Amino acid sequence: MTELECLAYGVEQVDEGVCLLVRLGPYRIMLDCGLADISLLTAKKSSAPADLVLCSHAHADHARGLLALNQAFPQIPIYASEVTAQLLPLNWSGQTAQLPPRLCQALPWRTPVEFLDGLSATLYPAGHLPGAAAILLTYTAPTSNHEPARTYQVFYTGDFFLSNARLVEGLPLEELRGMAPDVLIVEGSYGTARHPRRRQQENQLAERINRAIATQRSILLPTPPLGLAQELLMLLRSHHHFTGRDLDIWVDPTVATGCDAYLGILPHLPPSVQNFARHQPLFWDERVRPRVRRLSRDRSLPPSFPCIVLADETADLSQYYEPKPDNWLVLVPQQPHRTSPALTQIDRRAAEKFSPPPNADTYLLAQHCDGPGTTQLIHNLRPQHVVFVHGSSTYLADLTGLEELHNRYHLHSPAAGSLVELPIGETFLQPAAPPETNYEGELTELDTVVTITLPNAITGDPRWQTLADTGLIEARWQGDELVLRGLPQRELLRQGSDRLLDWVDANSPLRQCCANCTHYRSQRCWNPASPLFEFKVTPEGFCPVFEPIQPQPEE
């Protein structure tokens, strides 16, 4: 039987990056190299870690280690789609002198390319980012005296998205239906979460920005410089809330470099985008409102308020909001199992008392499939083995815990550094069910409140701390299911927030608010035991260590 296994060098999308080594018969194929430190790959300098490398797309968590890998082993060929080959140098913008002329070789779409005897790869568009590819590896084992010739297939999605975005079309699921590969390696960034439709997400974000501008607040959008930033620009230029509006959109130099790279791949963008570009510039336009302009290298912002600024999430954001933080709203993308560098930076500066924090909020504009999209892909491909990568262990455990999956496929969720053997059989043997992660509780309905009681074991899940951060939750219906969400401190700290008062009944104990707390002075909390200590809070806010103002004794 042909040897088929997967070694996970990296399976996360943050510091670790994604890097997998698939052994298919006698060959070793590396899928992506997003490692920030490639020392694991160079441990044996006498031998190359792979026969070839296939890169799914140009985001840093999948590609940043390629240059170092090429410098250590220049004999290993690196392949990707034509667009990805053009975008890859953005990962090493400060090292252009070190870039070899042919770091990456371009492969065509939907055309099998044979690299070694019996080994070929076919690329399919994966959505998510222009040039992003899902990769079908095919190996035909030679005929022997004991075994007839057999073909083995491994399908790797990289990051994928089924829905169409503004600058990239979704993965063409109809082309892959019934493929039945032996192994599917698929990302699970959002676990089993369920999202609204893409257009609904865009409309919610546009409405949030529109309301803020109507109150004369400027908008700061810290984003990764490639992918989401350009999607936001196209949304702002084409949404009905902003078309024709007398408004300036400023783009910082790092994000502008990504925009310029998109102009270089314009013939590869969707027809609707190419048609848009025939009538007006795709990004840089000072004639049509809203105007899109570049910021200078010193990032000095001209006095045009309100305005919208797209900034690199790792840049110093205080240079924009620090003079008048109350006049700004910072909107940060929700990203699974990742703390935004922008929010971390704002919180650090506020804690060190450099400046008061601006208003900040998060939004969802997903670029990965949610749970239903992931399971839809799996059921359409019908593999024997499913290997989940690119996600937190808890999110991936949620996917492997789905009954609709584990009774039909062999499921794997390897940790970094682990080896997964993938035996291929003629018949499917049902894998053992993973540990149960559901919790049974009780519901009690009283005259004025409803109480839900859950076992204490739920607190052992690492996600519990996020849910229980402030002791407050929000409940909403999702079809026939009730979804509970913890309310984080940042959401409670939003200046001018009136959402607590919207929910709280006049007789509720939540009326024990900051305005009635003995530690509330000068619009800040001064209780060292409170998670809001030294933060600016709203009078309607509340925390678990509330202490009522003691009445003054009568003289």
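Trainee: E202 and R198 join their side chains in a salt bridge, so to speak; what is the N to O distance?
Mentor: This is a predicted model, with local features needing pLDDT of at least 70, side-chain atom pairs 80 or more, and totals for chains, interfaces and linings using all residues. Residues count from 1 along each chain as its sequence is written, and side-chain values use heavy atoms, without hydrogens or water. A salt bridge puts a Lys or Arg side-chain nitrogen within 4 Å of an Asp or Glu carboxyl oxygen. For E202 and R198, N to O comes out at 3.5 Å.

Trainee: Which helix holds E202 and R198?
Mentor: They're four residues apart, about one turn, and both are buried (under 20% relative accessible area; exposed is over 50%, partly exposed in between; 1.4 Å probe, protein chains only). They also belong to a salt-bridge network with R166, R199 and E231. The helix, spanning residues 198-214, is α5.

Trainee: What are the closest N and O atoms of D248 and R291 apart by?
Mentor: D248 sits in strand β13 and R291 in strand β14, so the pair ties together parts 43 residues apart in sequence. D248 is buried at 7% relative accessible area, and R291 at 13% counts as buried too. Their salt bridge has its closest N and O atoms at 2.6 Å.

Trainee: How many salt bridges does the structure hold?
Mentor: The pairs above include D248 with R291 and D182 with R150. The total is 16.

How values were computed. Helix = DSSP H or I, 4+ residues; strand = E, 2+ residues; numbered from the N terminus.
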